[in-house]
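The following note sets out a few points for discussion with a colleague. It is meant to be read beside the sequence and the structure.

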Amino acid sequence: MHVAQKFEHLLDTYRHADGRKWTGAQLDDATGGVVTRSYVTNLRKGRIENPGYEKLRAIAKAMCFPPDVWFEDDLGEGRSIDQAEQPRGVAGRLEHVFEVVRNPKTGEPYTNGEVARMTLGDLSEEEVESIRTGAARDPSVGQVVALASVFGVEPSYLLDHESPPLLDEELVQALRDEDVRGITRESARLPDRERQLVLGIVRQFRDQTCTGAAHNETVTGLSNSVAEPLH
């Protein structure tokens with residue numbers, strides 16, 4: 001979905017306190033001029049295809065929705081900004097991903113040049129370095145999506161969060177699977193009680209799988225013992 005279409009959907013979903021859609025003038029005032037009236041007009045008309053994250057975050061804060069909703073395919077389901085984690089730093093998240101997701105050929109972290117080449121022209125080595133070090137404080141949507149694609153994580157993971165990154169190598173590998181990402185995405189939208197039920201069901205399947213594997217190993221071991229000649 002084009003960013004202009006997403007913006008229209010968000011304007012319709014997260015309305016002003018008066019019940020109407022936010023106007024360019026209202027967003028200009030609410031963001032302290034970070035997002036001007038003309039910027040809002042150009043964004044709505046599709047003239048801005050790759051807006052900077054600082055602009056998107058300012059709009060999200062003013063309209064009271066989590067910034068990562070910009071990166072969701074289905075645009076979320078009416079979550080408020082209170083349910084979102086507070087800013088932490090794209091650079092910090094990206095650095096953590098660099099450390100966790102290693103080059104399978106060398107076992108070492110990817111270099112900025114390697115990552116740039118893996119984006120197939122979307123990012124230069126200098127741009128990767130500037131985002132990684134925090135020198136580029138306002139990476140564009142396209143740049144965030146390109147980096148997320150390289151490392152096999154959701155773009156929203158690279159957004160600002162207050163809490164420390166919880167991504168480990170096992171989780172990164174799991175999130176490369178589309179089914180796992182789908183289960184995670186849908187589960188995250190459930191209330192706490194329903195999430196616990198889903199977790200219980202998943203663990204039940206895991207335990208059954210492990211029990212079945214252990215049983216097969218036992219049967220195999222007994223069969224081998226019977227087959228061995230007695231001395």
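**Notes on the model**

1. Asn 103 is buried, having a relative accessible area of 11%; buried means under 20% relative accessible area, exposed over 50%, and partly exposed in between, with a 1.4 Å probe and protein chains only. Asn 103 sits in the loop between helix H5 (90-100) and helix H6 (112-118). Helices are DSSP runs of H or I with at least four residues, numbered from the N terminus. Residues up to four places away in sequence being left out, Asn 103 touches Glu 108, Tyr 110 and Glu 114, where contact means heavy atoms within 4.5 Å.

2. On the basis of these values: the model is predicted, so that local features need pLDDT of at least 70 and side-chain atom pairs count only at pLDDT 80 or more, while totals for chains, interfaces and linings use all residues. Residues are numbered from 1 along each chain as its sequence is written, and side-chain values use heavy atoms, with hydrogens and water left out.

3. How many salt bridges does the count come to? The count comes to six, a salt bridge being a side-chain nitrogen of Lys or Arg within 4 Å of a carboxyl oxygen of Asp or Glu. In general, side chains of opposite charge can pair when their charged atoms come close.

4. One of these salt bridges joins Lys 21 to Glu 8, with the closest N and O atoms 3.6 Å apart. Lys 21 lies in the loop between helix H1 (3-13) and helix H2 (24-30), and Glu 8 in helix H1, so the pair ties together parts that are 13 residues apart in sequence. Lys 21 is partly exposed at 31% relative accessibility, and Glu 8 is partly exposed at 24%.

5. Glu 8 also forms a salt bridge with Arg 44, the closest N and O atoms being 2.5 Å apart. This pair links distant parts of the chain, with Arg 44 in helix H3 (residues 37-44) and Glu 8 in helix H1, 36 residues apart. Arg 44 counts as partly exposed, at 34% relative accessibility.

6. In helix H4 (residues 53-63), Arg 57 and Glu 54 are three residues apart and therefore separated by about one helical turn. Arg 57 and Glu 54 form a salt bridge whose closest N and O atoms are 2.7 Å apart. Glu 54 is partly exposed, at 27% relative accessibility. Elsewhere, salt bridges that share partners join Glu 8, Lys 21 and Arg 44 into one network.

7. Is Asp 138 buried or partly exposed? Asp 138 counts as partly exposed, at 35% relative accessibility, and is found in the loop between helix H7 (125-133) and H8. Its contacts, neighbours within four places in sequence set aside, are Gly 52, Tyr 53, Glu 54 and Lys 55. Asp 138 and Pro 51 are 87 residues apart in sequence, yet their C-alpha atoms are 9.2 Å apart in space.

8. Helix H8 (residues 141-151) is mostly covered, as eight of its eleven residues are buried. Among the buried residues of H8 are Val 141, Gln 143, Leu 147 and Phe 151. Gly 152 follows H8 and has a positive phi, near 70°.

9. Glu 125 is found in helix H7 and is partly exposed, with a relative accessible area of 41%.

Note on methods:
Helix = DSSP H or I, 4+ residues; strand = E, 2+ residues; numbered from the N terminus.
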